[in-house]
Amino acid sequence: MTRRLLFGLCAVLALVCVSRPIAQEREDRTLLSHDQMRAIVSEASGERAMHHVLDLVPYPRIRPTSEYQGHFQESEVMARFAKEYGFSTVEIESFPNAQRSWAPTMGELWMITPTEQRKLYDIHDVAVSVAANSANGDVTAELVDVGLGTRPEDFNGKDVAGKIAIGAGGVAQIYALALQRGAIGVVGYSTLYPDRGVDVIPSSSIMVNAQGFGWAVSPRVGHELVARLARGEKISLRSMIRAETEPGELEMVHATIAGDPQSTEDVIISGHLYEGYLKQGANDDNSGCALTLEVGRAYIKLVSEGKLPKPKRTIHFLWVPEISGTNAWLSAHPDIEKRVIADLNFDMEGIRLSRSRSYWILQRTPDTFPSFLNDIGQSMMEFVSEITRERVRYRANGYGPSLPVQAPNGSDDAFYIKIDKHYGSSDHVTYMQHGIPAVMFITWPDNWYHSSADTPDKQDSTQYKRAAVVATGAMTVLATGGDEIAARVVSENLARGAERMGDSHRKGLAYMADVTDAGALTNAYKEALVSIRHQAAVEKGVVRSARVLFDNPADGEKKLQTFEPLIDKRAAALIDEAKAAYALQAAQRRVTASEPVMTAEEKDASTLLIECVHGHSFSGCNAAPGGGGRGGAGGGGGPSTGSGQAGGGRGGQAYGLPQHMNAEATVLLGQSKTALEFRDFLSGEFEPIALADVMRSLRAREQAGVTKLTRRP
């Protein structure tokens, strides 16, 4: 009896100890098999990625000038790990850069009053406290408060000649105005998030060959200095700076995982290792480089174990100076550039999401560049998000995620993700300027973005692990290739395209539902039709783009033509629904549901063809000879660059359009559209914009010599 009881008890315990069956819905799928994804989840290591970051940038430091004569520390670290992990090739490449590198070796800022002398900052304590390009010297001068310091009126009644101006704005903006008024230096105490960054110092720079200097101090220190000035104290600052300028160069690490030598296609995985050589960010963007290094390691191991298929396409890993390095590398390797079918760009990946109120975001390609690539990334992100959350309907099998994706030393936070519209600028923009579809993965917001506090302690190995699973899965799909994978991706494109068309339909119906003036209903209906037709055109472009995934792209293109009339048919059904909704809204408002007709202004705009004066590229109209700029496009300014235009994308000047439309508007200029088509594209992708506003913008561009409007017969 006792033996039978013991046997029964052991049997029960055995059942309890056996891993509970994994509850899996049909929706818990992605473009690789469940076994392949489980293998990736098991192998991808968030801890290793964290270790990479700690080797790359354990703390922000002043780079010794010896690094400018050899290789930079980060390049050596990446190359060493890549060789250790078995990448097929690893090399450090360097390209000349006309702009010299400013390399400080000493910098101290002291406060001097009649009763005390106190060191405020030393660049070996806070590397970004000194503004890049500041002039050498040992200078003591009186401090003058200029308020914000970024507007001419801030200097009214203020004598800053021979003095140091302190303002609440950015160092570069204060410097530009103060220098004109004779100041010898400036101090700024701005921060990205004033409500939670009182001790955070943003990185800054002033003009090259500056005659004065700039310092960035924390808001806490800035407010203290200003308050003491307001109480009538006399305060001077002593600035001591010693720096050298080194020959400019763009140094990068290029590693590969070799594919089939017979393949004519490659893929790229990218992150920027440098954003200038003074600023060093743990999240921006050593995290992207640390992550993709781990992705390569895990992939190589899984392929060698037979758990993932061997790559058909060679995978290039590029760890570069942001934007400028990517441009230089692609221009130097035109043979590879022609082979590349896609880029996955990783810019700011490792921050602990809950600590910064962040999401891990996939920035899609814009509608001017429809691509199969978006849905590969989205599918992987949503798969990881689902399997790693606890779902109450599975609690009969036990509480917890169905397949947790969590690092041993990481958080157990929820995986907050977002699939978002395109935004520039980072290296994904540069790839699109070269005709290569590219998406960006990014954590945003980042409380410590571009600042002294962008350090490894803000990061989370669990976030790294989850990002590594997504990245490895997406990269595997791209590298594997073949008709089978191509068909799976196309199915994903079609299904998700139907969802996006549904979103455009919902947006259009909302235009009508939200009308408060019955007389505006017909115009709202017109905008609904624009939205639906626009998205249908985009989805046809998405499906067409997938031809490169087939063994024979030309044959793949023929196969995919089947779907275009089906997408048109779906759009027609949505338009019929919109028409019925229009009739319902009209009846409720007691107005006639007449079909919209073109206005005189629309008829005129439909005959005006936009032409680029100096030719065009993927980025829109080319700049005038000698005008600079690739394709007339903005080169920087979004998350991860500190220069250029904010919100750049592939855009140029706004010319009066809403800022978020600027990038797409610039690209559209080079696509031989009429003024009305130009307007409808922007309205379809974003929200309705008045034709009159568009025409003013186009006329302004025409006056600037960028484009011309010609009458189409």
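This is a predicted model: local features need pLDDT of at least 70, side-chain atom pairs count only at pLDDT 80 or more; totals for chains, interfaces and linings use all residues.

Guide: Strand S10, residues 266-274, and strand S12, residues 340-346, are joined by four bridges and pair in the parallel sense. Within this pairing, serine 270 has asparagine 345 of S12 as its bridge partner. In general, the strands of a sheet pair through backbone hydrogen bonds, and the pairing may be parallel or antiparallel.

On this sheet packs helix H14, residues 461-480. The helix touches S10, strand S11 (314-321), S12, strand S13 (359-363) and strand S15 (438-444). The direction of H14 makes about 180° with that of S12.

The whole arrangement may now be described. The sheet is open and has eight strands, in the order S1-S9-S11-S10-S12-S15-S13-S14, and its pairing is mixed. Its edge strands are strand S1 (89-96) and strand S14 (417-420), each of which pairs on one side only. From one strand to the next, the twist averages 20°.

Leaving aside residues up to four places away in sequence, isoleucine 417 touches Tyr359, Trp360, Met381, Glu382 and Ser385.

Strand S2, residues 101-112, pairs with strand S8, residues 236-246, in the antiparallel sense over 11 bridges. Here serine 101 has glutamate 246 of S8 as its bridge partner. Strand S4, residues 137-145, also runs antiparallel to S8, and six bridges join the two. Alanine 141 stands opposite leucine 237 in S8.

Finally, there is a pair of helices to consider. The axes of helix H2, residues 34-43, and helix H8, residues 282-304, come within 10 Å and cross at roughly 125°. The angle is the reason why H2 is described as oblique to H8. The crossing of H2 past H8 is right-handed. Ala39, Ile40 and Glu43 of H2 make the contact with Glu294, Arg297, Ala298, Lys301 and Leu302 of H8. Sorted by class, this contact has four nonpolar, no polar and four charged residues.

Notes:
Residues are numbered from 1 along each chain as its sequence is written. Side-chain values use heavy atoms; hydrogens and water are left out. Axes are lines fitted to C-alpha atoms, for helices over the stretch in contact, and angles run from 0 to 180 degrees between N-to-C directions. Angles under 35 degrees count as roughly parallel, over 145 as roughly antiparallel, 65 to 115 as roughly perpendicular and the rest as oblique. A crossing is left-handed if the near helix is turned anticlockwise from the far one by less than a right angle, and right-handed if clockwise. Contact means heavy atoms within 4.5 Å. Ala, Val, Leu, Ile, Met, Phe, Trp, Tyr, Cys and Pro count as nonpolar, Asp, Glu, Lys and Arg as charged, and the others, Gly among them, as polar. Two strands pair if DSSP finds at least two bridges between them.
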